[in-house]
Amino acid sequence: MDETELMCRAIALAERAAGRTSPNPLVGCVLAKGGRIVGEGWHEGPGLPHAEVMALRAAGEAARGATAYVTLEPCDHTGRTGPCSLALIEAGVAEVVYAVADPNPLAAGGAMRLRAAGIPARQGPCEAQARALVRPWLHSLSSPLPYVTAKFAGTLDGRIATRTGESKWITGPAARARAHTLRQRSDAVIVGVGTVLADDPGLDPRPEGVDPAPCLKVVLDTPLRTPPTARLLKTPGAALIACGPEPDPSRRAALEAAGAEILPLPLEAGRPSLPALLKALRARDCLSVMVEGGAGVLGTFFDRGLVDEVWAFIAPVILTGGRPAIDGHGPSSMDDVLRLDAVETEALGPDVLIRGLVPKAQEVACSQAS
């Protein structure tokens with residue numbers, strides 16, 4: 001295996017803990033000698049050993065003289081665990097190759113310590129893939145809000161339901177399975193109460209072949225219309241209902257008895273304040289949030305400049321009418337439309353996933369809105 005293949009393997013290992021590591025980043029590590037893997041590991045969650053330590057344990061004495069391939073520069077910080085730079089030095093590794101330099105001022109400096117100990121440490125291949133792996137964590141270092149991904153499944157003419165509200169299923173099984181991989185890596189998923197009343201979603205991640213990760217299910221519901229019998233209150237994971245500042249006592253009591261947590265928030269345009277909600281989620285160590293709908297909720301997130309990434313599942317279907325996927329105010333000029341950066345497409349049976357990042361100008365708007 002060459003070093004690109006070894007780093008790709010480290011990235012794949014890191015992915016195994018998707019949805020479980022916040023507020024820490026996803027990290028994977030491979031130890032190799034002569035292109036042969038002698039140990040590997042990944043970070044499984046806060047307070048647990050880091051990827052480098054797991055790989056060193058797996059390698060044992062074989063770690064001496066090996067090259068470590070790590071998706072993120074080894075930390076040089078003592079927190080709930082010790083510095084990985086020191087662990088690598090003590091294990092006697094010959095070289096360290098990392099994909100992404102650590103910009104966190106609390107933990108950076110691992111490469112410098114390794115070099116000071118006589119161990120070459122350099123940035124290697126797969127930086128773009130490794131940065132994508134830790135995008136929410138990188139975002140958290142410079143923003144008080146979580147990283148927000150807007151997700152929707154629609155038709156070629158931009159609809160998510162017929163005029164009677166029927167929406168199951170616009171996209172096929174492959175697209176729906178792919179959407180669950182996004183839920184799996186999200187710390188929280190947000191919908192409006194209209195979606196709850198229309199579709200009664202479970203909102204829990206159900207990835208194929210992988211144990212589901214915990215995901216906070218969040219409903220924007222100003223007057224507390226969510227039924228205590230809603231399916232999302234029965235599926236795995238905690239449920240949070242964001243409401244107005246003075247919730248009805250009897251409705252609140254009924255929902256709390258059903259297992260929901262009620263979060264009163266100030267109102268903006270008749271809806272719980274989105275920046276206030278996002279700050280409350282960030283305070284709970286939610287670094288990544290997925291917004292699933294409905295159309296008005298998605299529109300407000302876009303209008304406020306609160307979206308960082310978009311996942312649009314498009315089916316080769318035309319309704320000619322019905323409910324739009326996104327229903328915001330929108331710009332008045334084509335010069336002001338939102339054009340995504342770093343766009344990727346992925347075929348999922350007859351459907352297509354279009355992924356893209358919101359440009360930097362929108363990120364500035366996000367920080368101003370907060």
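This note sets out numbered points on local features of a predicted model.

1. Basis of the values. The model is predicted: local features need pLDDT of at least 70, side-chain atom pairs count only at pLDDT 80 or more, and totals for chains, interfaces and linings use all residues. Residues are numbered from 1 along each chain as its sequence is written, and side-chain values use heavy atoms, with hydrogens and water left out.

2. Annotated site. The UniProt annotation "binding site", from an unreviewed entry, covers His-50, Cys-75 and Cys-84; UniProt positions are given in the numbering used here, feature names are shortened, and annotations may be inferred rather than shown by experiment. These residues are spread over 35 residues of sequence but cluster in space, with a largest C-alpha distance of 9.2 Å.

3. Surroundings of the annotated residues. His-50 belongs to the loop between β2 (36–42) and α2 (51–59), where helices (H or I, at least four residues) and strands (E, at least two) are DSSP runs numbered from the N terminus. With a relative accessible area of 22%, His-50 is partly exposed; buried means under 20% relative accessible area, exposed over 50%, and partly exposed in between (1.4 Å probe, protein chains only). Leaving aside neighbours within four places in sequence, His-50 is in contact with His-43, Cys-75, Thr-81 and Cys-84, contact meaning heavy atoms within 4.5 Å. Cys-75 is placed in the loop between β3 (67–72) and α3 (84–91) and, at 9% relative accessibility, counts as buried.

4. Aromatic pair. One aromatic pair is present in the structure. The ring centres of Trp-311 and Phe-313 are 6.3 Å apart and the planes stand at 50°, so the pair is tilted. Under the criteria used, rings of Phe, Tyr and Trp (its six-membered ring) pair if their centres lie within 6.5 Å; planes under 30 degrees apart count as stacked, over 60 as edge-to-face and the rest as tilted. Trp-311 and Phe-313 are both buried.

5. Charges over rings. Arg-16 lies over the face of Trp-42, at 4.8 Å from the ring centre. For Arg-176, the charged end sits over the ring of Trp-169, 4.4 Å from its centre. The criterion is that NZ of Lys or CZ of Arg is within 6 Å of the ring centre and within 35 degrees of the ring normal.

6. Strand pairing. Strand β15 (residues 309–315) pairs with strand β18 (residues 351–357) in the antiparallel sense over six bridges; two strands pair if DSSP finds at least two bridges between them. Within this pairing, Arg-355 in β18 is the bridge partner of Trp-311. Strand β17 (residues 341–348) also runs antiparallel to β18, and six bridges join them. Ala-347 stands opposite Val-352 in β18. β17 and β18 form a hairpin with two residues between them, and Gly-349 in the turn has a positive phi of about 65°.

7. Helix α7. This helix (residues 173–185) has 13 residues and reaches 19 Å from its first C-alpha to its last, close to the 18 Å expected at 1.5 Å a residue; the expected span is 1.5 Å times one less than the number of residues. Its buried residues are Ala-175, Arg-178, Ala-179, His-180, Leu-182, Arg-183 and Gln-184. The elements that cover them include β6 (147–155), β14 (288–293), β15, β17 and β18.

8. Cis peptide bonds. Ser-22 and Pro-23 are joined by a cis peptide bond with omega of about 10°, and Pro-23 lies in the loop between α1 (3–15) and β1 (28–33). The peptide bond from Gly-293 to Gly-294 is likewise cis, with omega near 5°. Gly-294 is in the loop between β14 and α11 (295–303).

9. Ala-342 has a positive phi near 50°. Ala-342 is in strand β17 and is exposed, at 53% relative accessibility.

10. A buried loop residue. Asn-104 lies in the loop between β4 (95–100) and α4 (110–116) and counts as buried at 15% relative accessibility. Not counting residues up to four places away in sequence, Asn-104 touches Trp-137 and Leu-141.
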